[in-house]
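Please examine the sequence and the structure shown below.

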Amino acid sequence: MAERASRIARPRPRRGRLAPLLLALVAMALLGGIAGGLLRAGVQLPELLQSHAWLGRAALSHAALMICGFLGTVIGIERAVAVKAAGAWLAPLASGLGGLCLLLGFGGVAAVLIVVAAAVFVAVNLVIVRRQRAAHTVLLLAAALAWLAGGLVFLFRPGDVASLPWWFGFLVMTIAAERLEMTRLMRARPGARFSLLLVLAAVVGGAGWSMFAPMAGGVLYGVALFLLAVWLGVFDIARRTIHADGLTRYMAVCLLGGYAWLAIAGLAWAGAALGLPLRDAALHALGLGFIVSMMMGHAPVILPAIARVKLQFGGLFYLPLAALHLSLLVRLGPGLADLGLRASGALFNAVAMGLFAATVAGAVLVWRLKHGLAP
């Protein structure tokens, strides 16, 4: 009873005060990451942008901006909302500020902030595990530890790409944990959970091994990603919900399409480790084809929970999803041999993401108009 009273007496986190700042930091990291990615892909950007030093820094820090500054901050906000503890907001604040420091050229400060964000995020997930000890919450904790491991590599070995398998592992394991939780709605399949844990152990092993033996570690990592795609394709509830209607079916389309790209990413990652010219395919089949597809699928459900807005789902949500997959087919198909097509594909990747943001904003506006609320 005393413990319960202390929880009631404890002041609730006032996320309203942080919301504008966090929104600005998320937008800055996303836009900077996209602009830097376009520059890396060979897209000719307006001279006004190219005259600014931040663009070159955005290109050098493209992965850190997108994974830590953008997605890490968004996931940190989602977890802080779930935990309802004021200290949990330090994680998204630190990762968001880390993204800003990357753009301003304070790389060392940014690396420290990313490590701080990941460390706090680990603590937040420890709280979650204490509250609910289950396979998916333990897996979320493992994902947080992968973010921290990647951050430490980023801090102590600047410029070392060995941070990427850890950071992608953070996102992949976070998604796998959420899908594992959803499998509880299905009839238990013998060996399903154990096989998933073996595959994810291989992901972690591949990430760690890549730090010392990039070829062997990269092959293991790629094979593990491919096996994870197979597992998700076999066991995920999306195989059933694809036959539903409305938002449920849309989410299933996003998920199953993402799993296909995850399989491609795994094969490309292993091929790149063996010396094939597949690095762009590995990184962006995983980062865009899998992770952004997951983001598009979950956003209509997660956004109302963390942003306190409602949106009106409609068929237009399929448009940016189709644009994303088609632009990836161009970039990672003929674009592998043609740098011009690769740049065009990258440009339309960015257009697809912008179109999705516009679709979400429009859905929020339509809901408000439909329910007689002022826009």
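This is a predicted model: local features need pLDDT of at least 70, side-chain atom pairs count only at pLDDT 80 or more; totals for chains, interfaces and linings use all residues.

Residues are numbered from 1 along each chain as its sequence is written, and side-chain values use heavy atoms, with hydrogens and water left out.

**Helices α13 and α15**

- Helices are DSSP runs of H or I with at least four residues, numbered from the N terminus.
- Helix α13 covers residues 246-273 and helix α15 covers residues 318-332. Their axes (lines fitted to C-alpha atoms over the stretch in contact, with angles from 0 to 180 degrees between N-to-C directions) come within 11 Å and cross at roughly 10°.
- The two helices are therefore roughly parallel, a label for angles under 35 degrees.
- On the α13 side, the contact (heavy atoms within 4.5 Å) includes Y250, V253 and W261, and on the α15 side it includes L321, H325 and L328.
- The residues of this contact comprise nine nonpolar, three polar and one charged. Here Ala, Val, Leu, Ile, Met, Phe, Trp, Tyr, Cys and Pro count as nonpolar, Asp, Glu, Lys and Arg as charged, and the others, Gly among them, as polar.
- The 28 residues of α13 should span 40 Å at 1.5 Å a residue, and the 41 Å between its end C-alpha atoms agrees with this. The expected span is 1.5 Å times one less than the number of residues.

**Helices α4 and α6**

- The axes of α4 (residues 53-60) and α6 (residues 90-104) come within 7 Å and cross at roughly 120°.
- W54, R57 and A58 of α4 meet L102, L103 and L104 of α6. Five of these residues are nonpolar, none is polar and one is charged.

**Residues of helix α16**

- N349 lies in helix α16, which covers residues 339-370. With a relative accessible area of 2%, N349 is buried (under 20%; exposed is over 50% and partly exposed lies in between, with a 1.4 Å probe and protein chains only).
- The side chains of N349 and R331 make a polar contact at 3.0 Å. Such a contact is a pair of N or O atoms within 3.5 Å; within protein, one must be able to donate a hydrogen and the other to accept it, and residues adjacent in sequence count only if both atoms are side-chain atoms.
- Beyond four places in sequence, N349 touches L288, L324, S327, L328 and R331.
- A350 also lies in α16 and is buried at 17% relative accessibility.
- A350 and A35 are 315 residues apart along the chain, yet their C-alpha atoms are separated by 8.7 Å.

**A residue of helix α11**

- A224 belongs to helix α11 (residues 214-235) and is buried at 2% relative accessibility.
- Leaving aside neighbours within four places in sequence, A224 is in contact with V199, A202 and V203. The C-alpha atoms of A224 and V199 are separated by 5.6 Å.

**Residues with positive phi**

- K84 is found in the loop between α5 (62-83) and α6, and its phi is near 60°, a positive value in a residue other than glycine.
- K84 is exposed, with a relative accessible area of 56%.
- G275, which follows α13, has a positive phi near 105°.

Note on methods:
Angles under 35 degrees count as roughly parallel, over 145 as roughly antiparallel, 65 to 115 as roughly perpendicular and the rest as oblique.
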